Amino acid sequence: MKKNKKHPLISRLSLAALALPGLMQDANAGRVEETYNGDFQYGHYAEGNQRMEVDIFETALSAPIGKSMTASINLVRDVISGASPRYNKANAQGDVKQTLSGASITEQRDAISSGLTYYFDKAALGFGGGFSRENDYTSRYVSTNASIDLNNKLTTLNFGASGAFDIIEPTGREIIEPDGTDFKSSKLRSKTSQQYLLGVSQVIDKNSLIQSNVTFGYHSGYLADPYKLVYFVDQGLNPDVRPGEKFQWAWLTQYVRHFQQFNSAALHTDYRFYTDDWGVNSHTVDLSWHQPIADGWQVIPRFRYYSQDKADFYQPFFGAGQQAQVYSSDYRLASFGALSGGIKLSKEFTQIKSLSQLKFQAGIEYYDHKSSYQLGGNGSGSFDDFSYYLLTASVNAKF
Amino acid sequence: MLTVFNFAFKAMGSPCHLQFYAASAQQANGVYAAVVARITQLEQRYSRYRADSLISRINGAAGTGVKTAIDAETFALLQYSEQCYQESEHLFDVTSGVLRGLWHGGQTQLPTTADIHALLPRIGWEKVQWSRADIYLPLVGMELDFGGIVKEYAADVAASLCQQHGIHSGIIELGGDVRIIGPMPNGRGWPVAIRDPRHPTKTVAQFELKSGALASSGDYERFQLIDGVRYGHILNPKTGWPVAGLRAVSIVADQCVVAGSLATIAMLKANAGLGWLQTLHVAFLCCKNNGQLINSLKMGVK
Amino acid sequence: MKYIKLALLLLVVISSTACTEVLPRQRGNLALSQMALTPDALEFGLRQHTSFSKEAASGGYGGGGGGCGCN
């Protein structure tokens with residue numbers, strides 16, 4: 001018999017049976033599902049006011065190797081066009097106006113990543129690496145993660161470490177940086193990043209689980225944006241200048257709960273607190289509701305709220321007499337909040353010929369960035385406000 | 001060179017067969033001895049008919065205020081019983097065995113409603129107090145009976161034991177419940193037949209099983225005829241009466257214990273059993289009370 | 001640095017209070033695909049990438065990825 005997707009009742013009974021001593025599942029014990037997985041996803045990202053548009057094409061494949069290993073590979077192509085903010089200027093009345101990059105950029109990012117996970121009886125060990133290339137940016141990274149099951153697999157400890165090495169080589173310009181009292185220029189600069197994760201996930205009861213992670217990140221090198229400028233009323237436009245190091249901490253808690261009475265719907269709630277030594281603190285709340293309907297249909301509404309306060313060295317522009325060692329007017333370092341909401345539909349077919357599962361998904365999400373949405377503040381000014389929508393469509397096949 | 005070995009024996013009150021391919025008679029006999037020892041151990045621990053069994057000690061302590069210590073295996077069986085209870089709208093209840101006192105073989109008259117009502121309070125899985133360490137039946141006369149679980153579980157255990165002993169081709173049958181150890185050396189499944197519940201010499205279905213298990217439940221094994229009506233041994237814990245609706249149900253599942261409990265739950269659901277099985281998308285063969293056969297095995301079986 | 005201490009303290013509290021035993025038989029619901037911590041990995045990755053390039057905060061979730069010159 002082909003291993004078809006089982007009715008949840010059968011799965012529950014089998015799971016209870018497998019707890020009986022001496023019972024093994026037909027010589028395929030181990031955690032790896034012996035299925036091949038193929039995914040394709042298309043995404044369309046579009047900002048309002050004719051700013052950035054991105055088309056995303058992504059393919060992912062994963063395959064079992066032997067009984068206890070899974071290998072995966074992931075390919076992404078982003079096709080990017082449009083303009084992005086470069087600097088802000090204040091007029092005589094003190095109103096701030098944003099200036100976008102003049103020419104419309106069209107470029108492409110290609111990324112490849114792959115990973116290998118080895119499953120032990122009560123632990124898993126994974127390794128991965130990737131490479132991403134744009135005409136002005138190259139990134140390479142490696143990562144490793146381990147998980148250990150404790151307490152009858154009710155508790156899982158997770159550890160992760162990753163490192164990235166990026167090279168920035170702006171097209172048609174040089175990177176300008178301060179050098180003592182003067183500026184120096186270079187064709188390319190680099191930065192390195194590392195991130196460490198410590199986490200625990202815990203089954204609370206038969207309907208809920210919680211996961212909590214702490215991550216620590218450290219970045220060093222050229223952390224500024226070579227395309228951004230900063231307007232000084234006294235001196236005119238200066239390059240974006242940021243500290244050469246950044247320490248980041250994030251604490252994430254995810255809670256997932258099952259609701260039998262709503263046709264096995266699932267509630268996902270994520271809360272993340274973030275802080276870094278550039279002075280940015282942020283809160284993120286992400287909620288989604290996964291509602292199975294019938295015949296493999298599922299509808300998934302989602303809501304997210306994000307708020308951050310500004311980096312210490314951020315200002316929309318620098319006024320008369322203002323001096324600074326490091327300074328940026330990048331909207332991503334400003335004080336702001338963002339509300340987003342979306343809905344996704346998913347339809348799953350089981351047992352089609354040799355495929356054990358075929359799943360189609362399509363979703364839309366709208367994201368609204370506003371300085372006034374900032375938590376307990378009124379942001380850095382509404383000149384930065386923007387919104388985008390993100391369309392996604394994907395197909396997943398298991399065989 | 002692999003040779004097929006055949007062993008017939010009696011265990012858990014039923015005729016049993018173990019058939020497998022092994023490299024030598026010495027290996028085969030070793031495996032057979034290990035299987036029989038394991039099954040005997042299960043029988044000693046869980047048989048209601050043995051005064052020294054764990055089950056008899058648990059039942060003997062019912063209502064006395066004394067808890068009986070249990071081991072991990074018994075705990076897992078209790079967990080499994082709990083799961084069956086939950087999945088069956090409380091129809092699959094391992095405390096319903098007390099009813100057999102009224103429906104034992106050999107009686108010629110129906111029990112009275114008063115008899116049944118007197119017994120019903122002693123039934124109820126939710127009354128049982130159990131933990132990882134011990135179990136207690138709070139009412140005098142309550143009984144625990146793993147009869148609907150242990151035989152099938154034993155088939156699963158025996159199959160894993162054979163696999164651990166290096167047997168990769170084989171089949172074990174304990175009183176009609178079958179578990180595959182592994183396909184035949186040529187890769188084909190083992191031929192399995194299901195008998196007609198009313199005419200044991202006739203088969204109603206025949207197919208090959210490569211992996212997994214086949215278990216059945218029905219009114220054919222033990223029953224009484226009272227005034228020409230056939231009363232089976234599958235008793236509804238809520239009404240105290242034998243169930244009527246289906247004659248027999250056979251199920252194919254990965255584990256024999258799961259196949260067995262699904263079959264029993266389907267029987268307990270009586271007229272609703274067939275519809276329930278159909279929603280589960282399991283491979284089954286169901287014989288309705290009017291003799292009509294519903295066979296979903298062809299689509300599901302290997 | 002006081003945030004860090006707070007975070008670690010809460011982590012410990014969570015892992016020690018959540019001790020109600022869930023027996024393997026009861027985990028059927030948790031095995032449903034909609035109950036996975038990341039039910040749709042590809043979409044999750046895309047969303048992470050997008051917020052990484054539009055917001056200052058990152059991290060918390062696992063799986064370090066590469067940077068990008070995203071504007």
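User: Which residues have the most contacts inside the largest nonpolar core?
Analyst: This is a predicted model. Its largest nonpolar core has 96 residues, and those with the most contacts inside it are Ala154(B), Ile251(B), Ala259(B) and Val282(B).

User: What gives the largest share of this core?
Analyst: Helix H6 of chain B, residues 256–268, gives the largest share, with 10 residues.

User: And which domains of chain B does this core draw at least three residues from?
Analyst: Domain 1 (1–48 + 146–176) and domain 2 (54–144) of chain B each supply at least three residues.

User: Back to Ile251(B). What is it in contact with, leaving aside neighbours within four places in sequence?
Analyst: With those neighbours left out, Ile251(B) is in contact with Ala215(B), Ala259(B), Leu262(B), Ala263(B), Val282(B) and Phe284(B).

User: Switching to helix H1 of chain A. How many of its residues are buried?
Analyst: Eight of the 11 residues in H1(A), which spans residues 8–18, are buried, so the helix is mostly covered.

User: Which ones?
Analyst: The buried residues are Ile10(A), Arg12(A), Leu13(A), Ser14(A), Leu15(A), Ala16(A), Ala17(A) and Leu18(A).

User: What covers them?
Analyst: The cover includes several elements of chain B: H3, strand S13 (246–253), H6 and helix H7 (273–280).

User: How many residues of each chain does the contact between A and B take?
Analyst: Chain A puts in 18 residues and chain B puts in 28. On the chain A side, 12 are nonpolar, four are polar and two are charged.

User: How many residues are in contact between chains A and C?
Analyst: There, 82 residues of chain A are in contact with 44 residues of chain C. The chain A side divides into 35 nonpolar, 35 polar and 12 charged residues.

User: Where is Met12(B) found?
Analyst: Met12(B) is in the loop of chain B between strand S1 (3–11) and strand S2 (14–22).

User: Why does Met12(B) count as buried?
Analyst: Met12(B) counts as buried because it has 20 C-beta neighbours inside 10 Å, and the cut-off for buried is 20 or more.

User: What about the phi of His90(B)?
Analyst: His90(B) is not a glycine either, and its phi is positive, about 70°. His90(B) sits in the loop between helix H3 (72–87) and helix H4 (113–119) of chain B. With 15 other C-beta atoms within 10 Å, His90(B) is partly exposed.

User: Now strands. What is the order of the open sheet in chain B?
Analyst: The sheet has three strands in the order S3-S5-S4, with antiparallel pairing.

User: Which strands stand at the edges?
Analyst: Strand S3 (68–69) and strand S4 (129–130) of chain B do. Each has a single partner strand, so one side of each is left without a neighbour in the sheet.

User: How many bridges join S3(B) to S5(B)?
Analyst: Two bridges join S3(B) to strand S5, residues 134–136, and the strands run antiparallel. Thr68(B) stands opposite Ile135(B) of S5(B).

User: And in chain A, how many bridges join S14 to S15?
Analyst: Four bridges join S14 (residues 229–232) to S15 (residues 236–239) of chain A, and these strands are antiparallel. A hairpin of three residues joins S14(A) to S15(A). Val230(A) has Asn238(A) in S15(A) as its bridge partner.

Methods
Residues are numbered from 1 along each chain as its sequence is written. Chains are lettered from A and ligands numbered from 1 in the order in which they are written. This is a predicted model: local features need pLDDT of at least 70, side-chain atom pairs count only at pLDDT 80 or more; totals for chains, interfaces and linings use all residues. Two strands pair if DSSP finds at least two bridges between them. Two residues are in contact if their C-beta atoms, placed from the backbone, lie within 7 Å. Ala, Val, Leu, Ile, Met, Phe, Trp, Tyr, Cys and Pro count as nonpolar, Asp, Glu, Lys and Arg as charged, and the others, Gly among them, as polar. A residue is buried if 20 or more other C-beta atoms lie within 10 Å of its own, exposed if 12 or fewer, and partly exposed in between; C-beta atoms are placed from the backbone. A nonpolar core is a set of buried Ala, Val, Leu, Ile, Met, Phe, Trp, Tyr and Cys residues joined through C-beta atoms within 7 Å. Domain bounds come from an automatic or database domain assignment.
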